[in-house]
Amino acid sequence: MLKKIMLLLTAMIILTFGMTYAEEQSQNKIYNFSMEEAVEFGLKNNEVVKIAQLDIEKNQVISKKAVSLWSKAPENSMIETKLLSDGYYKRQSEMAVKLSRKSKELIERKIGLGIKNSYYEISRSIKDIEVKEENVSRVLEQQRIAESKLKIGTGIKQEVLTAQAAVEEANLLLANAKDDLKYKEMEFNKLLGLPFNATVNLTDDVISNTSLQTPENIDLHVKVTEAQKNRIEVIQAQENVEVSKLYFDIVSSYSAVNTYDYREANYEKEKADNELNNAMQNVELSVNNAYLNMQKAARAVSVYEKNITSLEEAYRLSQLSYEAGVGIQMDVLNAQNMLYNAELSYVQSLHNYNLAKLKFEASYGIGY
């Protein structure tokens with residue numbers, strides 16, 4: 001008995017060590033992902049996708065059962081048997097299989113969009129840190145100039161103190177940005193099914209390599225047509241139209257026009273037609289809205305990019321004037337702050353455009 005207990009304890013220790021070692025290996029491994037590689041990795045490790053696949057398999061079994069019952073159904077006038085023999089339940093089960101497949105596609109699309117969004121968020125945070133590091137360099141330069149002017153008697157102590165305060169604030173903003181990046185990296189790792197502290201390097205510089213699409217290169221009518229063919233809400237509405245029409249055809253074959261069964265079936269058929277028209281219109285609106293949002297985001301990128309060029313020159317001139325003793329420190333700090341905010345706004349505008357572009361592309365796919 002004692003020997004069995006010792007063997008059991010030994011096995012438990014080995015198992016625990018193995019699990020701990022595997023976890024440490026996963027945490028110590030360095031992952032390098034392009035955006036598409038990150039999406040592929042995340043989809044492989046996502047439990048929601050696995051559940052969606054099980055739903056497809058379940059509905060396929062139900063469909064096979066419905067086909068089997070349909071092939072064996074007797075021909076008589078009883079409504080349930082009539083619905084069975086004329087293929088209504090078979091068609092319903094086929095619809096369930098088709099929609100479950102489309103649902104899985106939509107789930108994968110949403111997960112992929114979530115991963116891409118997180119990828120963009122990390123990229124934006126990295127660029128934010130670069131801007132804030134440059135901002136620290138600028139205010140340190142202002143502090144150096146203020147201290148030099150004080151030494152040679154052309155400056156005052158207040159200017160040095162003001163510059164020192166600016167340095168402290170710039171360092172605070174930089175430290176906070178680095179903490180924000182750490183949290184975004186943890187969120188990204190969670191989406192990929194990795195330990196929070198796993199090291200992941202992004203190999204795509206999606207912010208710097210942002211390419212703006214011009215309206216001339218987009219045929220919106222074509223995109224709307226694609227959306228009305230691909231979006232899951234339209235596919236579901238089309239399936240409902242076909243199933244409700246089949247139900248009406250079966251019921252009307254044995255029911256008079258003035259009967260409740262006929263009227264109810266006709267109501268369901270008309271309702272399905274109206275729902276399809278509504279779905280088509282909503283999808284068209286969705287594509288147009290996503291397109292307009294992308295264009296608005298593109299205009300913002302252009303404006304902030306031009307502003308940076310102007311503000312860089314304004315900052316340079318104000319700094320030269322201050323060093324030469326013909327300008328004041330406040331003008332330099334104001335110019336520096338305006339440039340800093342414009343650079344942050346530019347990075348944010350690129351991020352906003354990338355997200356808007358993602359949504360536009362999803363709007364004429366299966367959805368988002």
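**Reading a pocket, its helices and its salt bridges**

Mentor: The largest pocket of this protein comes to a volume of about 190 Å³. The model is a predicted one, in which local features need pLDDT of at least 70 and side-chain atom pairs count only at pLDDT 80 or more, while totals for chains, interfaces and linings use all residues. Residues are numbered from 1 along each chain as its sequence is written, and side-chain values use heavy atoms, with hydrogens and water left out.

Trainee: What makes a set of grid points a pocket, and what does its volume stand for?

Mentor: On a 1 Å grid over the protein atoms alone, a pocket is an open set of points with protein on both sides within 12 Å along at least five of seven lines, whereas a cavity is a set where a 1.4 Å probe fits but cannot get out. The points are joined across faces, edges and corners, and the volume is the space filled by probe spheres set on them.

Trainee: Which residues line the largest pocket, and how do you know that a residue belongs to the lining?

Mentor: A lining residue has an atom within 4 Å of a point, and the residues that meet this rule for the largest pocket are Asn135, Val139, Thr162, Ala165, Ala166, Glu169, Ala170, Leu173, Leu333, Gln336, Asn337 and Tyr340. Helices H5 (88-151), H6 (157-192) and H10 (329-363) each supply at least two residues of that lining, and H6 gives the most, with 6 residues.

Trainee: How many residues of the lining fall in each class?

Mentor: The lining has 7 nonpolar, 4 polar and 1 charged residues, where Ala, Val, Leu, Ile, Met, Phe, Trp, Tyr, Cys and Pro count as nonpolar, Asp, Glu, Lys and Arg as charged, and the others, Gly among them, as polar.

Trainee: How do you know that the span of helix H9 agrees with its number of residues?

Mentor: The expected span is 1.5 Å times one less than the number of residues, so the 65 residues of H9 (260-324) should span 96 Å, and the 94 Å between its end C-alpha atoms agrees with that. Helix H5, with 64 residues, reaches 93 Å from its first C-alpha to its last, close to the expected 94 Å.

Trainee: Why is the pair Arg91 and Glu239 called a salt bridge?

Mentor: A salt bridge is a side-chain nitrogen of Lys or Arg within 4 Å of a carboxyl oxygen of Asp or Glu, and the closest N and O atoms of Arg91 and Glu239 are 3.0 Å apart, so the pair meets the rule. This pair links distant parts of the chain, with Arg91 in helix H5 and Glu239 in helix H8 (232-252), 148 residues apart. Arg91, Lys98, Glu239 and Glu242 are linked in a network of salt bridges, and the count for the protein comes to 18.

Trainee: Why do Arg91 and Glu239 count as buried?

Mentor: Buried means under 20% relative accessible area, exposed over 50%, and partly exposed in between, with a 1.4 Å probe and protein chains only. Arg91 has 15% and therefore counts as buried, and Glu239, at 4%, counts as buried too.

Trainee: Where is Ser255, and which residues does it contact?

Mentor: Ser255 lies in the loop between H8 and H9, and its 13% relative accessibility makes it buried. Contact means heavy atoms within 4.5 Å, and, leaving aside neighbours within four places in sequence, Ser255 is in contact with Asp261 and Tyr262.

Key
Helix = DSSP H or I, 4+ residues; strand = E, 2+ residues; numbered from the N terminus.
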